Number of protein chains: 2
Amino acid sequence: MTPAHQPPGEIRPGGRTARTRAAVLAAVQHELSEGGFAALSMERIAQRSGIHLATIYRRWRSVEGLVCELLMEASTAIPLPDSGNLPEDLRLLARRIGSFYTAAPMRRLVEAVVSSAGRNSRAETVLADFFHDRLRMAGELVRRGIERGEVPPDTDPEAVMSAVGAPFYYRILIARGPVDADLAESTATAVWAATLAGAYRTGGAAPVADPGVVRQRTERTE
Amino acid sequence: MTPAHQPPGEIRPGGRTARTRAAVLAAVQHELSEGGFAALSMERIAQRSGIHLATIYRRWRSVEGLVCELLMEASTAIPLPDSGNLPEDLRLLARRIGSFYTAAPMRRLVEAVVSSAGRNSRAETVLADFFHDRLRMAGELVRRGIERGEVPPDTDPEAVMSAVGAPFYYRILIARGPVDADLAESTATAVWAATLAGAYRTGGAAPVADPGVVRQRTERTE
């Protein structure tokens, strides 16, 4: 978590502030799993966590603030791989994202956050900042790949990382289908092939090959 | 639109039912553009459209039903290309999706629908059915490509079409950034390269190449 996202109030690991935070976030997660975002309220969270309503309001201000902080907390469960080669790192990362979103509470959480962002501009800013931070950090995988000469040097690390995430959010938010192992493997293969093809070069994507070239490449593939 | 999505009531083009529908959907679009989904209500739609509140309730039941129908209506503005070759079709389709979501009201609409789906299981079903229908129809592009021998015959048409849409929804719903021409070009290049690499074959994605093979392919790319 970056300092910009630090909630107000002093945080001492194991201290009272940390215990309050843990109790409140656990309550948010529980409430989301049970009733979804629509049923979430500051009052219910206070009741379940045993923390004073006034304390929760003072520190998080809204249910939107709470679900965003829970998402940040949860995302630390997706560590960034460093296997020594980029296609392997992409595959490991795609699998970790896949495992993360196989759990129903995590799907509910991302749904809740996106739903908040559509209704509340502060939640939208928090969501956008959070994902930009994650993309920047995850971009390190690609920067190492560039240093190792695996991909074109003008590859945009954040564009590659967006491409790793996009299929999962599409599956959850739009197609509303299950996140499974096939999606992770397909995503890793797709992003690596697209990166090699120059789809994420900062100079703009190379134009799609003309049909003559295409036929030749297809024959090589089959 | 498939018969399953037909709203209750007889539809005669140019008839009173059609005029009612047009007036109500125009009002929904206007309200969404002005206040977003949070401010949308059946009462405001009735007021703006001049249609009786009872009529709107009888036919659409909820604001969720209304935004879903508006999305279906709007999506007919993205015609499916048929240029005679798949990479060109993918590029044309990506550009059309890109142009469609450049407009702020369309971004708001998809946000509203996804937000509804997270809160209302009926809206979720309508959204999922709608996108599955679109994917099935759009899959025709890929089936023609298979017939022309452009891509492996076991390529999954709907997986390819999901990959064309995913980057746009990620940009709108997660990264909260602008949809621009670069995104369309990058998406078209990426999906075509991934399709050729077998990422969307129904037998499951080919495993990511080992580092030796990778180095060779990178050299060819640069």
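Analyst: The account below takes up the salt bridges pair by pair. This is a predicted model, in which local features need pLDDT of at least 70 and side-chain atom pairs count only at pLDDT 80 or more, while totals for chains, interfaces and linings use all residues. Residues are numbered from 1 along each chain as its sequence is written, chains are lettered from A and ligands numbered from 1 in the order in which they are written, and side-chain values use heavy atoms, with hydrogens and water left out.

Over all chains, a search of the whole structure finds 30 salt bridges (a side-chain nitrogen of Lys or Arg within 4 Å of a carboxyl oxygen of Asp or Glu). One of them joins A:Arg21 to A:Glu73, at 2.9 Å from N to O. A:Arg21 belongs to helix H1 (residues 16-35) of chain A and A:Glu73 to helix H4 (residues 63-75) of chain A, so that distant parts of the chain, 52 residues apart, are linked (helices are DSSP runs of H or I, at least four residues, numbered from the N terminus). A:Arg21 is buried, at 14% relative accessible area, whereas A:Glu73 is partly exposed, at 34% (buried means under 20%, exposed over 50%, partly exposed in between, with a 1.4 Å probe and protein chains only).

In chain B, the side chains of B:Arg21 and B:Glu73 form a salt bridge at 2.9 Å, N to O. Because B:Arg21 lies in helix H1 (residues 16-35) and B:Glu73 in helix H4 (residues 63-75) of chain B, this pair ties together parts 52 residues apart in sequence. B:Arg21 counts as buried at 13% relative accessibility, and B:Glu73 is partly exposed at 35%. Returning to chain A, salt bridges with shared partners join A:Arg21, A:Glu69 and A:Glu73 into one network.

Definitions and conventions:
Helices (H or I, at least four residues) and strands (E, at least two) are DSSP runs, numbered from the N terminus.
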